[in-house]
Amino acid sequence: MGKGLSPEQIIGRVREAAEPVAASFGLQLWGIEMVAGGRSVVRIYVDAPAAEAGDSGTGEDGILEGFSVDQCADISRMVGLALEVDEVFSDAWVLEVSSPGFDRMFFNAGQMAAYVGRDVDVMLLDAHPAVTGRRRFKGPLKSVSGDTFVVEVLAAPREGEKPVPVDASISWGMVKKARLIHIFPETIKPGSGRNGTKPSGKGGGKQA
C-alpha cells in the first residue's frame with residue numbers, strides 16, 4: 001500500500017498516470033481495480049472508444065481487436081515507471097493491463113448505458129430495501145438514468161409463492177460489484193447431438 005495513502009487515493013494516482021498513456025495508444029481507460037494481499041495487485045482495464053457505443057470491441061478470445069499483448073506490456077511499463085517515480089507504493093506490488101473482455105466489470109452507472117437490454121450481474125453492499133434480503137441481482141438491464149439503473153429480476157411476492165418479474169431500481173452507491181453477462185452463441189445446431197458438426201468460421205468452432 002502507498003505511504004499514508006488510502007485505496008481511493010492510490011486509484012486516483014494510478015488514474016492520473018494511466019489515462020494519458022492509454023490515450024497515446026488511441027484507447028480509453030475503462031477502470032482500475034486494486035486487490036490488496038501479500039502484495040498489492042493493480043489491474044488497469046483499457047478499451048477502444050467504440051465500446052461506448054455498445055460495441056465490446058473484442059475478438060473471440062475477449063481481447064480488443066487491434067489491441068495486442070505487446071501494447072498491454074508497453075502500457076504497463078510506462079504506467080509502472082510513472083508510479084515508481086511518484087513512489088505511490090511503499091510495498092511490493094504488481095501491475096496488470098488488459099481489456100475488460102466479454103464479461104466486463106462496470107466502474108460507474110454511465111458505462112452501463114450502452115448495454116441496456118443485455119443481462120448483468122450485480123452484487124450490492126447491503127440488502128436491497130425494496131427486495132427483502134436480496135443482495136445479488138442477475139437479469140436484463142432495463143434502463144440507466146444518471147447514477148441509477150433498473151434490473152429485471154424474478155422475486156416471490158410472498159414466501160412460497162411463484163416468482164414474478166420485478167424491476168429493481170439500484171443507485172450506484174449501493175453497488176459492490178457489477179458486470180456484464182456475456183451470452184455466447186450456440187455452436188451446435190439443436191438436435192444434432194454428438195454427431196453435430198462444428199461451425200467452420202473464425203476460431204475453428206471453439207466453444208466457451
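**Exercise 1. Classify an aromatic pair.** In this predicted model, the count of aromatic pairs comes to five. Take the pair formed by tyrosine 45 and phenylalanine 107, and work out which class its geometry falls into and which parts of the chain it links.

*Solution.* 
- Start with the two quantities that matter: a pair of aromatic rings is described by the distance of the centres and the angle of the planes.
- For tyrosine 45 and phenylalanine 107, the centres are 6.0 Å apart and the planes make an angle of 40°.
- Stacked needs under 30 degrees and edge-to-face needs over 60, so the pair is tilted.
- Now place the partners: tyrosine 45 belongs to strand 2 (residues 40-47), while phenylalanine 107 is in the loop between strand 3 (93-98) and strand 4 (119-124).
- Finally, check burial against the cut-off of under 20%. Tyrosine 45 has a relative accessible area of 14%, so it is buried. Phenylalanine 107, at 21%, is partly exposed.

**Exercise 2. Look for charges over rings.** Find which rings have the charged end of arginine 104 or arginine 134 over them.

*Solution.* 
- Begin at tryptophan 30, which ring pairs link with Phe106 and Tyr115 into a cluster.
- Over the ring of tryptophan 30 sits the charged end of arginine 104, 4.8 Å from the ring centre.
- Arginine 134 places its charged end over the ring of phenylalanine 137, at 5.3 Å from the centre.

**Exercise 3. Inspect helix 1.** Compare the span of helix 1 with expectation, then locate its kink and its buried residues.

*Solution.* 
- Helix 1 (residues 7-24) has 18 residues and, at 1.5 Å a residue, should span 26 Å; the end C-alpha atoms are 26 Å apart, which agrees.
- A kink of about 25° is found at alanine 18, shortly before proline 20.
- The buried residues include Ile10, Val14, Ala17 and Val21. An α-helix has 3.6 residues a turn, so residues three or four places apart point the same way.
- The buried residues of helix 1 pack against strand 1 (28-35), strand 2 and helix 2 (69-85).
- After helix 1 comes glycine 26, with a positive phi near 75°.

Note on methods:
Residues numbered from 1 in each chain as written. Predicted model: local features only at pLDDT ≥ 70, side-chain atom pairs only at ≥ 80, totals over all residues. Heavy atoms only, no water. Phe/Tyr/Trp six-rings, centres within 6.5 Å; stacked < 30°, edge-to-face > 60°. Helix = DSSP H or I, 4+ residues; strand = E, 2+ residues; numbered from the N terminus. Buried < 20%, exposed > 50% of the residue type's maximum accessible area, 1.4 Å probe, protein only. Lys NZ or Arg CZ within 6 Å of the ring centre and 35° of its normal. Expected span 1.5 Å × (residues − 1). Bend = angle between axes of the 7 residues up to and from the residue. Contact = heavy atoms within 4.5 Å.
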